[in-house]
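Hi,

Here is the structure I said I would pass on.

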Amino acid sequence: MNIVKFNAVQEKIIKISGKHVILDSDVAELYDVETMRINEAVKNNPKKFPKGYVIELTKKEKQEVIENFDNLKVKFSPVVPKAFTRKGLYMLATILKGDKAAETTVAIIEAFDKIMELQETVAELSNSSDKFQQKTLMQKGGEIISEIIGSNLETSESETTFEIDFALMKFKHTIKRNKK
């Protein structure tokens with residue numbers, strides 16, 4: 001069985017109309033099933049997917065996905081994709097069964113949780129005027145970013161610096177790792 005890694009999920013999360021979502025074809029890939037099986041689960045359980053849980057993209061949004069995320073599956077599909085919000089993914093988890101489904105669900109929940117934690121930290125940072133609290137929040141943000149993208153990096157004795165410009169402030173964090 002293939003283990004679903006946090007970063008595999010993280011790479012599939014995109015932002016459409018201000019919401020973090022995962023496209024139905026990417027959800028299917030994560031769960032190792034066909035896209036039609038994911039959409040059947042939604043169709044067969046309409047009460048579990050109220051408005052806002054699953055979003056059917058417009059043709060314009062589909063084009064934005066193609067342009068902004070270079071998604072070949074969407075580009076060559078004649079169907080307008082659906083996008084699962086965090087709530088929709090949680091509900092999908094109540095339907096899909098098996099070890100792979102449980103493992104994938106945990107990875108999805110962890111990825112969305114890290115995004116929310118980073119957003120909250122950045123919001124708190126931008127509202128804080130206390131220098132000590134800002135420093136603490138910067139460190140926390142750096143640790144979250146490190147968790148999100150740090151495990152993708154091959155390291156030996158190295159130092160990696162991330163610099164992110166948040167309009168109001170610049171965020172710089174250095175990660176030092178030693179070869180094990």
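Let me start with F49: this residue is buried, at a relative accessible area of 10% (buried is under 20% relative accessible area, exposed over 50%, partly exposed in between, with a 1.4 Å probe and protein chains only). Before I go on, note that this is a predicted model, where local features need pLDDT of at least 70, side-chain atom pairs count only at pLDDT 80 or more, and totals for chains, interfaces and linings use all residues. Residues are numbered from 1 along each chain as its sequence is written, and side-chain values use heavy atoms, with hydrogens and water left out.

What does F49 pair with? Its partner is F84, edge-to-face, at 6.4 Å centre to centre and 80° between the planes. The rule takes rings of Phe, Tyr and Trp (its six-membered ring) with centres within 6.5 Å; planes under 30 degrees apart are stacked, over 60 edge-to-face, the rest tilted. F49 sits in the loop between α3 and β3 (54-56) and F84 in strand β4, so the pair links parts 35 residues apart in sequence. (Helices, H or I of at least four residues, and strands, E of at least two, are DSSP runs numbered from the N terminus.) F84 is buried too, with a relative accessible area of 0%.

On to S25, which belongs to helix α2 (residues 24-31). S25 is buried at 13%. Neighbours within four places in sequence aside, S25 contacts T35 and K73, contact being heavy atoms within 4.5 Å.

Cheers
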